[in-house]
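Subject: A structure for you to look at

Hi,

Here is the structure I promised to pass on. Please open it beside this email and follow along as you read.

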Amino acid sequence: MPHFAQGVVKFQREVFPEKRELFERLSTGQSPEALFITCSDSRIETAMLTQTDPGELFICRNAGNIVPPHTNQTGGMTASIEFAIGALRIPNIVICGHTECGAMKGAMNRAGLTNLPHVREWLGYAQGAVDITEALGGGLDPQAKMRMLLEQNVILQLQHLKTHPTVAVALAQKALTLHGWVYDITTGEVEAYDEASGGWVPVEERYGADIAATVLHAHAC
């Protein structure tokens with residue numbers, strides 16, 4: 001804890017004064033560009049990964065970057081999604097999986113989680129991805145099979161997102177775009193799901209035109 005406390009002191013003395021104008025603006029409200037759903041894993045640092053400032057991402061984290069399908073039962077993810085899209089009108093949702101994910105390793109062997117009953121039940125929301133991986137990746141080596149599971153889980157959770165009423169409405173109104181990413185902790189690479197082709201490509205390739213337009217606009221300004 002002393003390490004964390006020292007960090008808070010440094011933030012108050014050095015970081016906050018440098019960004020005082022930003023925090024004053026944020027004190028009046030928020031308008032995030034994306035709802036970013038990722039794993040609770042401590043190795044995922046969203047601001048570092050996306051190079052964003054406070055106020056740009058509305059972040060939800062849980063074991064396995066899971067989105068339960070919509071039901072009438074209220075849960076933290078359901079309420080957060082409803083608020084993000086229904087109230088804040090956030091235009092993008094990113095589901096970001098990652099390599100070395102303990103949750104996905106557990107999903108592959110839920111029967112072995114008898115001492116973690118809530119984790120076992122939670123990972124049931126990834127069972128479809130496990131089944132697809134078992135059906136399509138039987139001949140793969142363990143590393144490639146896990147990679148397939150990470151990708152299939154992101155795709156499955158994107159499908160679950162579409163069952164949420166606020167998401168369904170925003171998609172129908174062309175006011176929302178869904179994105180699937182997988183982050184490689186070892187290399188720093190991030191691959192994005194291309195729904196049109198059903199494949200995965202580097203973020204730089206998937207968003208190349210958008211990145212170029214942003215750079216051009218910045219230079220023009």
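This is a predicted model: local features need pLDDT of at least 70, side-chain atom pairs count only at pLDDT 80 or more; totals for chains, interfaces and linings use all residues.

Residues are numbered from 1 along each chain as its sequence is written, and side-chain values use heavy atoms, with hydrogens and water left out.

**Rings**

There are 8 aromatic pairs in the structure. Rings of Phe, Tyr and Trp (its six-membered ring) pair if their centres lie within 6.5 Å; planes under 30 degrees apart are stacked, over 60 edge-to-face, and the rest tilted. One of the pairs is F11 with F23, which is edge-to-face, at 5.8 Å between centres and 90° between planes. Because F11 belongs to helix α1 (residues 2-18) and F23 to helix α2 (residues 20-26), this pair ties together parts 12 residues apart in sequence. Helices here are DSSP runs (H or I, at least four residues) and strands are too (E, at least two), numbered from the N terminus. F11 and F23 also form one aromatic cluster with F16.

F11 is partly exposed, at 34% relative accessible area. In these terms, buried means under 20%, exposed over 50% and partly exposed in between (1.4 Å probe, protein chains only).

**Charged side chains**

How many salt bridges does the structure hold? It holds 7, each being a side-chain nitrogen of Lys or Arg within 4 Å of a carboxyl oxygen of Asp or Glu. Side chains of opposite charge can pair when their charged atoms come close.

- K19 and D53 form a salt bridge, with their closest N and O atoms 3.5 Å apart. K19 is in the loop between α1 and α2 and D53 in the loop between α3 and β2, so this links distant parts of the chain, 34 residues apart.
- R147 and E151 meet in a salt bridge at 3.2 Å, N to O. Both lie in helix α8 (residues 142-161), about one turn apart. R147 is partly exposed at 21%, whereas E151 is buried at 16%. Together with E191, these residues are linked in a network of salt bridges.
- K162 forms a salt bridge with E195, again with closest N and O atoms 3.5 Å apart. K162 is partly exposed at 39%, while E195 is exposed at 56%.

Enjoy exploring!
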